[in-house]
Amino acid sequence: MATSLHNLSDYDIHSVPSAQGMTFGIVVSEWNNKITGALMQGACDTLRRNGVPDECITVQTVPGSFELVFGASQMARSGRFDAVIAIGCVIRGDTPHFDYICQGVTQGLAELNTQGNVPVIYGLLTCNNMDQAEDRCGGILGNKGDECAVTAIKMVDYFRKMQAPK
Ligand code: DLZ
């Protein structure tokens, strides 16, 4: 989680496993696209910086964050990706809508992680206002897209280790 003590983009590149031969799907919500576009860019840049070529990164959009669950599920089931990153941004409004969307997406993405062999990474910003979102997509708290990319590489590596013979 982003705090003033934890910049989302802080990581030691030497602690990230090799991403060679890994493929990634990124599903991005169109709502608040200035924010989600910056998150997606952060994720792609970090994957590239860790050795993932463009042809191993597929980006698809869905209309809103609620659709991330279906979008990520389709990517995970396609057999084309070692990990899926779901990127969205929900901004609190005047009604309880925010809570329903955040809860639905969070639970949906969490369930996907128990259903298959493809890790689904949680790149949903759940913010009280636009300032908080801007701080987390390349602002003073870094870019959550970077964090998602590093997490995706680490989880593919983890899965491969678990699959290795004794
Ligand atoms: C409807 C809606 C609203 C009010 N706010 C957001 C938001 O802040 N972020 C976001 O990603 N999506 C929002 N949506 C759209 C819903 O996620 C969804 O696309 C629609 O309810 C249709 O299923």
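1. In this predicted model, an oxygen atom of the ligand is 3.4 Å from an N or O atom in the side chain of Asn32. Asn32 itself sits in the loop that runs between strand β1 (24–29) and helix α1.

2. The backbone of Asn32 also deserves attention. Its phi is near 55 degrees, which is a positive value in a residue other than glycine. Most residues other than glycine have a negative phi.

3. A nitrogen atom of the ligand is 2.8 Å from a polar backbone atom of Cys89. For Ile91, a backbone N or O atom lies 3.1 Å from an oxygen atom of the ligand.

4. Which residues are found around the ligand? Asn32, Cys89 and Ile91 are among them.

5. Helix α1 (residues 33–49) packs against helix α5 (residues 144–163) at an angle of about 45 degrees, and their axes are 7 Å apart. At this angle, α1 and α5 are therefore oblique to each other. The crossing in which α1 passes α5 is right-handed.

6. On the α1 side, the contact with α5 is made by Leu39, Gly42, Ala43, Thr46 and Leu47. On the α5 side, Lys144, Gly145, Asp146, Ala149, Val150 and Ile153 take part. By class, the residues of this contact divide into 6 nonpolar, 3 polar and 2 charged.

7. Where α2 meets α3, the residues from α2 are Leu68, Val69, Ala72, Ser73 and Arg77. Their partners in α3 are Gly104, Val105, Gly108, Leu109, Leu112 and Gln115. This contact has 6 nonpolar, 4 polar and 1 charged residues.

Terms used
Residues numbered from 1 in each chain as written. Predicted model: local features only at pLDDT ≥ 70, side-chain atom pairs only at ≥ 80, totals over all residues. Heavy atoms only, no water. Contact = heavy atoms within 4.5 Å. Helix = DSSP H or I, 4+ residues; strand = E, 2+ residues; numbered from the N terminus. Nonpolar A, V, L, I, M, F, W, Y, C, P; charged D, E, K, R; others polar. Near = heavy atom within 4 Å. Polar contact = N/O pair within 3.5 Å; in protein donor to acceptor, adjacent residues only side chain to side chain. Axes fitted to C-alpha atoms, helices over the stretch in contact; angles between N-to-C directions. Parallel < 35°, antiparallel > 145°, perpendicular 65-115°, else oblique. Left-handed = near helix turned anticlockwise from the far one by under 90°.
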